[in-house]
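Dear colleague,

Please find below the structure I promised to hand over, followed by my notes on one part of it.

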Amino acid sequence: QYADCIDAECATYPMINAAALHVLAGDEIAAARLAQQVLHVIENGGHAPETAYWLAATRAEALLILHRDEEARAALHQALSLAPAAYEDQASTLRQWRSLLTARGAATDWLDALRSGPSWHFAGPTAVGSDECQIGRQIDAVLAEHGATRAFGALAAGFDIIAAERFVRHGAALSITLPCDTAEFIERSVRSAGDEWVRRFDALAAAAQSFETLDEVGGFTPAALCLADQMSIGLAAHDAMMRDARGLALRETGVEAGPHLPLDRITVTRSAALPAAVPPLPEDSALLQAALGCDESRLCHLPATMRKAARRHNGYAWCLFDALPDAAEQAATLFLASGENAHICLDYGVMDADRVSERQSTLAALPPTGHIVASAPAARALSLIDPNKKVAMAGSVSIAGRDTDYYSLLVPA
């Protein structure tokens, strides 16, 4: 397919990818011919429009294929310097280099130094006390050793806020997900520790690169806390994968890791056990559930028990599942049975068994995308619970007056 594009236009992307495929297939002669052609097109300026980064990265890759290794390395460093914040583009380039070097039996470990810094998830107890400076110094030492590019978590008084402040000081982009609206979260998880913690919360909220709040049934519940945590960990894992970076979890020693933690755990230790600064949550029976949505005409492809229990709204039907992976598998089966024009949706959260949520109604009203449409909670939690599932950002839509991301769940043919 890449080769078919070469004569149609002077696009360097299909040329260099065709050359790389020849290398991986063991045809160095054909690879060198195409790589030389790429260099000629770039040097003469007769190429299709492309960003400065991709032109420089393509030139570096062509030099590598031609075994002009010193020039290739210098060109690679130059390309990376042109777009220091284009982490995903850089990750794609470094993955390609690793494949090419591996194919020729050359060392690849030196590429690790060129990867962007880790993605972190941080979470810990709400205990506050006189050892804050001591634990803060430990976090500073950890970040000085490992680096940090992005950090994901919440902002409860205690460990969360202490860690988030350190991430910001070390230059990490902060991404915050709260289990409920901001005012309720402050009252339930911050203010009881003192007004100074509220001021610190406000400063971090203003400094965050992204800040989102959930709007689940019941507001601040154990299930909503679990959902926000799953979404943040899933975001950290997905971000690390997209940037070819390490995924790390910052925790206190002795605190349970929790289920499904696909991140390397780094711990810090308090000087003494301290009581929680935030009162414990009351008993709550709310559960996280997944919801599969489809046009009512597609219900015939589902088991009879699901058809009977489906909630219907404006020609669309929703079926509840206790496990998100089960809903995702059923969605994929239904999608393959229905064809690409089918509009299949996947949601996840604290469900009201008697009504369709505004989030679900909004997803159902979107035009078909050729993929399964997944809400942000479904896509991000799925990245954590079932990393083999591939999700990609599809766009944003207004839900309850707020711009909210939605995703595509990619189904192998």
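**The sheet and its helices**

Helix 13 (residues 324–338) lies across strand 7, strand 9 (316–321), strand 10, strand 11 (372–375) and strand 13, running at about 10° to strand 7. Helices (H or I, at least four residues) and strands (E, at least two) are DSSP runs numbered from the N terminus, while angles run from 0 to 180 degrees between N-to-C directions, with axes fitted to C-alpha atoms, for helices over the stretch in contact.

Please bear in mind that this is a predicted model, in which local features need pLDDT of at least 70 and side-chain atom pairs count only at pLDDT 80 or more, whereas totals for chains, interfaces and linings use all residues. Residues are numbered from 1 along each chain as its sequence is written, and side-chain values use heavy atoms, without hydrogens and water.

The open sheet has 7 strands in the order 8-9-7-10-11-13-12, with mixed pairing (two strands pair if DSSP finds at least two bridges between them). Strand 8 (311–313) and strand 12 (390–399) stand at the edges with a single partner strand each, so one side of each has no neighbour in the sheet. Strand 7 (residues 288–295) and strand 10 (residues 345–350) run antiparallel and are joined by 6 bridges; Ala290 has Tyr348 of strand 10 as its bridge partner.

Helix 11 (residues 222–242) packs on the sheet, touching strand 7, strand 10, strand 12 and strand 13 (402–410), where contact means heavy atoms within 4.5 Å. Gln230, found in helix 11, makes a side-chain polar contact with the side chain of Tyr348 (2.9 Å) (a pair of N or O atoms within 3.5 Å, one able to donate a hydrogen and the other to accept it within protein, with residues adjacent in sequence counting only if both atoms are side-chain atoms).

Best wishes
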